[in-house]
Amino acid sequence: LESGTRRSRLRLLDRHWSTLLAQAWEDLCRQCLRGVDEASQLGKLGPWGPAGRWWKGAEPEWDIVCESLDGESLLLGEAKWSRKPFDARALDRALAALSSRPEPDLPPSFSKHRRVRALFVTSVEHRPRATPGGPLVVTADQLLAGPAA
């Protein structure tokens, strides 16, 4: 970057910008999870401790894995970045993929935790209907709202 021209740096940034935004979105989701509004669907299942990523060999990666502070729930989340709001079709595909993803191979100490799957998206065109037992949809507005005053 230092030795490149302005034009070459802009081309490089353009080529990697979307990936950088997606990585930043994942990081933001993990960092803001602890302060999620207690009145939200996800907040009612918490409060949540520190979140991290999980991956092992060729198994599916999980962007967000987090234990509730009471030790009863385990959050398994996927963060999806998009410049545009997710339409119903894109949201349905992402929720189906999240629902069918195998759980991570975690230590036995997590075997009795209630599993909570959540899809973290920047925004949605229309609020999806909640499906009992299905993944939660968490938008940037909900995630960044913080605790109710």
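How many of the eight residues of strand E4 are buried? I looked this up to start my notebook, and found that six of the eight residues in E4 (residues 114-121) are buried, leaving the strand mostly covered. For my own reference, buried means under 20% relative accessible area, exposed means over 50%, and partly exposed is in between (1.4 Å probe, protein chains only). Helices (H or I, at least four residues) and strands (E, at least two) are DSSP runs, numbered from the N terminus.

**Ground rules**

I am working with a predicted model, where local features need pLDDT of at least 70, side-chain atom pairs count only at pLDDT 80 or more, and totals for chains, interfaces and linings use all residues. Residues are numbered from 1 along each chain as its sequence is written, and side-chain values use heavy atoms, with hydrogens and water left out.

**The sheet**

I followed the strands next. Five of them form an open sheet in the order E1-E2-E3-E4-E5, with mixed pairing; two strands pair if DSSP finds at least two bridges between them. E1 (48-54) and E5 stand at the edges with a single partner strand each, so one side of each has no neighbour in the sheet. On average, neighbouring strands are turned by 30° against each other, direction ignored. Axes here are lines fitted to C-alpha atoms, for helices over the stretch in contact, and angles run from 0 to 180 degrees between N-to-C directions.

Which way does each pair run, parallel or antiparallel? I noted that E2 (residues 62-68) is joined to E3 by four bridges and runs antiparallel to E3, with Cys66 bridged to Leu75 in E3. E3 (residues 73-80) pairs with E4 in the parallel sense over eight bridges, and Glu78 stands opposite Leu119. To get from E3 to E4, the chain passes through helix H3 (residues 88-100), and this β-α-β crossover is right-handed. That term means that, with the strands pointing away from the viewer, the path from the first strand over the helix to the second runs clockwise. E4 and E5 (residues 136-139) run parallel and share four bridges; Ala118 has Leu136 as its bridge partner in E5.

**Cores and contacts**

I then looked inside. A nonpolar core is a set of buried Ala, Val, Leu, Ile, Met, Phe, Trp, Tyr and Cys residues joined through side-chain atoms within 4.5 Å. The largest one has 18 residues, of which Leu33, Leu42, Trp48, Leu75 and Phe120 touch the most other members. Another core, of 16 residues, lies apart from it and includes Trp54, Leu76, Leu91 and Val137.

Contact means heavy atoms within 4.5 Å. Leaving aside neighbours within four places in sequence, Leu75 is in contact with several residues, among them Leu33, Ile64, Val116 and Phe120.

I also checked Thr139 in strand E5. Thr139 counts as buried because its relative accessible area is 9%.

**Cysteines**

I found zero disulfides in the structure, counting a disulfide as a pair of cysteine sulfur atoms within 2.5 Å.

Is Ser18 buried or partly exposed? Ser18, which sits in helix H1 (residues 6-32), is partly exposed because its relative accessibility is 46%.
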